[in-house]
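Welcome to this short tour! Open your viewer, get ready to select residues by number, and follow along stop by stop.

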Amino acid sequence: MTHAEIVDVIYQSSIRYELWSETLCSIVDYVGAVAGNIVYQSPRGRGSFLIPGRMREDLNSLYLQHYAQNPYARAYGTVKPGDVVLGNTMVDVAAIERSSFYTDICKPQNIHNQLFMPHASLHEPGGIGGVALFLSRAQDEHAAQALKRLRLLASHIERAIDLSLHVHRIDSGPDLAQRLINAMPDPAVLIGSRGEIILLNTAAEALLKEADGISIRQTDRLSLIAHIPETSSRMTTAIRQALTVAEGGDTPFTGAFPIIRPSGLPPYLATITPLAPSSSAAWDATDSRARVLLQIVDTEARARLQARRLRTMFDLTEAETRVATLIGSGMSLHDIARALGVSPNTIKTHAARCFAKVGVRSQAALARLVASIPA
């Protein structure tokens, strides 16, 4: 490749980071090396990575696990970003060739010398990060020429890696948001500037499929719809107020309301949180960034999980567990009978058996017991 061609290849990798391994092979050939990598060795030991270019895959994990703190790496910790160095000028080569690092990593890959250029975004105190190219014994005779060629490419490689890191942060933004809301134990929904659904966590997907008081409405966009008119009005108002606050407006805001369930089960408890405006708020109208977080607490579901654990401990029947669940969520025996469509006497019988098995004498005591079990 000509100099212009290799520079073009480097910048292609900056926006398509899956090409970096192939690009490293091109850099290796251009410089006159046997292999190379982009490496980040974290000072904490976790999060380290290695992008190989014509290296043995079976030795990469071995290197990161057992040989990351080798003499070359320790020497490179003193090199400043912007410099390009020849490894054998910084270490005791004879000592390295007697080490297990040389036997396990260098010799099988025909590595005799190294070129290293640290990268500012990957290089930090206690760790190293940058581009390393490896020379065979025969190639080492032309190390000065290889060093000169790498220096000519260094500024382009640095800019391309920085751009790759920036593009990766942009691409991983939606994934990060999804992972964050999936970490929430209760159902959570991210809502955009037009009241549309941006993201749902797995708990919200399951709750909305039940369509008991709230579900997804699909028109030109996905949005939430409440099944009871009073709830629908309160939810619409709360979301509208939260959007105004998220956009920097000043308005009275009530961010909590119940969601009545047609099934007769205890209502969901909803809370709405406006998300802070971004530093580039003038551009927000052009994107689909989430503006509001809606969280839904299903007290009955939490009590159901607690009651299932109670069932395991005290060998309750399915019917007794169902009654314990609803008592734990705060319902009276009369309300439970109506919600389940059975007679009050049947519910009283199940409740009495449940009381006897777990050793309590009242609904209040059973509710306290259920609530005390970790969910």
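Buried means under 20% relative accessible area, exposed means over 50%, and partly exposed lies in between (1.4 Å probe, protein chains only). This is a predicted model, in which local features need pLDDT of at least 70 and side-chain atom pairs count only at pLDDT 80 or more, while totals for chains, interfaces and linings use all residues. Residues are numbered from 1 along each chain as its sequence is written, and side-chain values use heavy atoms, with hydrogens and water left out.

**Stop 1: a salt bridge to start with**

Select Arg16 and Glu18. Arg16 is partly exposed, at 44% relative accessibility, whereas Glu18 is exposed, at 52%. The two form a salt bridge, with their closest N and O atoms 3.1 Å apart. The term salt bridge is used for a side-chain nitrogen of Lys or Arg within 4 Å of a carboxyl oxygen of Asp or Glu. The structure holds nine salt bridges.

**Stop 2: a residue in a helix**

Now select Thr23, which sits in helix α2 (residues 20-31). Helices (H or I, at least four residues) and strands (E, at least two) are DSSP runs, numbered from the N terminus. Is Thr23 buried or exposed? Thr23 is buried, with a relative accessible area of 3%. Setting aside neighbours within four places in sequence, Thr23 is in contact (heavy atoms within 4.5 Å) with Val9, Ile10 and Ser13.

**Stop 3: a salt-bridge network**

Next, select Asp212, Arg261 and Asp298. Asp212 forms a salt bridge with Arg261, the closest N and O atoms being 3.0 Å apart. Asp212 lies in the loop between α9 (202-210) and β8 (214-218), and Arg261 in the loop between β10 (256-259) and β11 (268-274), so this pair ties together parts that are 49 residues apart in sequence.

Arg261 also meets Asp298 in a salt bridge (3.3 Å, N to O). That pair links distant parts of the chain, 37 residues apart, with Asp298 in the loop between β12 (292-297) and α11 (299-314). Through shared partners, salt bridges join Asp212, Arg261 and Asp298 into one network. How accessible are its members? Asp212 is buried at 9%, Arg261 is buried at 5%, and Asp298 is buried at 9%.

**Last stop: where two helices meet**

Finally, select residues 333-340, helix α13, and residues 344-358, helix α14. Which residues make the contact? Leu333, Ile336, Ala337 and Leu340 of α13 meet Pro344, Ile347, Lys348 and Ala351 of α14.

Conventions
Axes fitted to C-alpha atoms, helices over the stretch in contact; angles between N-to-C directions.
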